[in-house]
Amino acid sequence: MQHSNAANRLDRLPISRFHKTTLVAVSFAYFFEFADINTFATTAPKLVELWGVTVNQVAYVTSLSFVGMFIGSVVAGGIADRWGRKRALTWTTLWFGAFSFLTVFSWDIVSLGVFRVLTSAGLSAMTVVAVIYISELYPAAKRGKFQAYAIVIGICGTPATNLIASFVVPVNDWSWRLVFLWGSLGILFVLFTRQLKESPRWYESRGEYARADAVLRDIEARVAADKGALPDALPPVERVRHAKAPLRILLQKKYLAPTALLVVLWVTQTIGFFGYSSWAPTLLANEGFSVEKSIFYVALTTVGAPLGSFLAALVTDRFERKWCLVAFGTVIAACGLLYGLTFNPVLIVVFGFLVNMFERGYTALAYAYSPELFDTRGRALGTGISYGLGRLSNAAGPLIIAALYNRTGYESVFYFIAGTWMVGAVALAVFGPRTRKARLKAAAAARAEPANA
């Protein structure tokens, strides 16, 4: 067997119980990724009181966490290519859960920082693998919507963590540790692994056509049992099998431009969003709000996050993704600036709510958009490197924000964040490729095939 026709066979499948079960499993991993990623931000104000942690120390821990994210993102592509998408998703989720659990036992800011760096590596690696996994397992015409649905469910981890923290952290001098214990529950993802299938596209990219065909037959049998007779797949197109993609292939013209664009996308998204979410509780506390109120206000703003992902699910497959990203990024810049220019609690919650809503929608759109700019050979590497460089950029972001806050005040931080979002929006508007036509073409071709008798 010289091919397994994975792309065409997967693209013509109707959404079934198999796809929904996979969605639940990936959403669970996303939930605790988003739950865990804000644990330090919500506990930092308490550590300022207990351990005498300074704004600069918060900046260093946050900065180093993004170095960990960069390492995790870069390694994730290699792991996903070598071990497979399913196994990589499992191990990266277990990794971040285990180190979040160890953070519970931190004894000072240095030990906590070390554990957060290791946790962050797993968080970022898991995200890269999950994006690739969904992109390769779902039909082309539906993958954007289901990428967003996974985020809709997963992003609920953010307000859940913030609300839990707002009640738990003030209880006593050790209760902040429970926030990290909560974040570690991603370990339970292991309960879902038997329900997941390896990506047939990954097997096919390695020339393991028989194994790809076996997985495809299993998936098709499950879908047929749920939905009835399946339409015929388009005939396969023979492709030359390539060896493992080396890093230097990203310098080739077909990969360099999308990689450079996605680096800009993820750099601006990372600095713009985490500059906001990682600092909001601490900056509000430093501006005179109590620890309890600052955490509670931020918790209320993050309720908008699931709505943003749902909004992305509504628009991602109906409109051109690059223009959706441009529109969302512009709205985030405006609302983030207005958030920083008010000290009225109601307006803080309103504008913070809008920032969270549109940012999570932006992220869901970006997760669907990024893998589409590469073919199977370059997908894991290009997605991982660009996402990783975005995370690495925020090694400098917290230091810049701390310097701005200490030298020019609270409002200057939000001018910087708004400007960052606008840089990303302009770059996408000018240089972003359109992907909707290719998706519609694949969907039309799948519908044109007659059903099996």
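Q: How much space lies in the second largest cavity?
A: In this predicted model, the second largest cavity holds about 80 Å³ of space. The structure has 4 cavities of 30 Å³ or more.

Q: Which residues of the lining lie nearest the centre of the second largest cavity?
A: A lining residue is one with an atom within 4 Å of a cavity point. Here 14 residues line the second largest cavity, and those nearest its centre are Phe 34, Ile 37, Phe 273, Phe 274 and Arg 360. Two or more lining residues come from each of the elements α2 (17-37), α12 (253-277) and α17 (345-372).

Q: Which element gives the most to that lining, and how is the lining divided by class?
A: Helix α17 gives the most to the lining of the second largest cavity, contributing 4 residues. By class, the lining has 6 nonpolar residues, 5 polar residues and 3 charged residues.

Q: What does Phe 273 touch beyond its neighbours in sequence?
A: A contact requires heavy atoms within 4.5 Å. With residues up to four places away in sequence left out, Phe 273 touches Thr 268, Asn 356, Glu 359, Arg 360 and Trp 421. As for Trp 421, 148 residues separate it from Phe 273 in sequence, while the C-alpha to C-alpha distance is 8.6 Å.

Q: How many helices and strands does the secondary structure of the protein have?
A: The protein has 21 helices and 0 strands. Among contacts between residues at least 6 apart in sequence, 87% join residues at least 24 apart.

Q: What share of the residues is buried, and what share of the accessible surface belongs to carbon and sulfur atoms?
A: Of the 453 residues in the protein, 59% are buried. The accessible surface comes to about 17600 Å², and carbon and sulfur atoms account for 66% of that area.

Q: Where is Arg 391 placed, and is Arg 391 buried or exposed?
A: Arg 391 sits in helix α18 (residues 376-393). Its relative accessibility is 2%, so Arg 391 counts as buried.

Q: With which residues is Arg 391 in contact?
A: Neighbours within four places in sequence are set aside. The contacts of Arg 391 are then Phe 66, Met 69, Phe 70, Ser 73, Ser 124, Trp 266, Gln 269, Thr 270, Phe 274 and Tyr 367. Arg 391 lies 124 residues from Val 267 in sequence, with 6.7 Å between their C-alpha atoms.

Q: With which side chain does Arg 9 make a polar contact?
A: A polar contact is a pair of N or O atoms within 3.5 Å. The side chain of Arg 9 makes such a contact with the side chain of Glu 220, at 2.9 Å. Arg 9 lies in helix α1 (residues 6-11), and its relative accessible area of 11% is why it is called buried. Outside four places in sequence, Arg 9 is in contact with Ser 4, Asp 213, Leu 216, Arg 217, Glu 220 and Ala 233. Arg 9 and Ala 233 are 224 residues apart in sequence, yet 5.2 Å apart from C-alpha to C-alpha.

Q: Which polar atoms lie within reach of the side chain of Ser 100?
A: The side chains of Ser 100 and Asp 36 are joined by a polar contact of 2.4 Å. A polar atom of the Ser 100 side chain also lies 3.5 Å from the backbone nitrogen of Ser 184. Ser 100 is in helix α5 (residues 85-103) and is buried, with a relative accessible area of 0%.

Q: Which backbone nitrogen lies 3.0 Å from a polar atom of the side chain of Ser 111?
A: That nitrogen belongs to Trp 107. Ser 111 is part of helix α6 (residues 109-137), and at 5% relative accessibility it counts as buried.

Q: Is Val 430 buried or exposed?
A: The cut-off for an exposed residue is over 50% relative accessible area. Val 430 has 54% relative accessibility and so counts as exposed. Val 430 is located in helix α20 (residues 410-431).

Conventions: Residues numbered from 1 in each chain as written. Predicted model: local features only at pLDDT ≥ 70, side-chain atom pairs only at ≥ 80, totals over all residues. Heavy atoms only, no water. 1 Å grid on protein atoms, 1.4 Å probe; cavity = no way out; pocket = protein on both sides within 12 Å on 5 of 7 lines; lining within 4 Å. Points joined across faces, edges and corners; volume = space filled by probe spheres on them. Nonpolar A, V, L, I, M, F, W, Y, C, P; charged D, E, K, R; others polar. Buried < 20%, exposed > 50% of the residue type's maximum accessible area, 1.4 Å probe, protein only. Areas by Shrake-Rupley, 256 points an atom, 1.4 Å probe, with all protein chains shown as cover. Polar contact = N/O pair within 3.5 Å; in protein donor to acceptor, adjacent residues only side chain to side chain.
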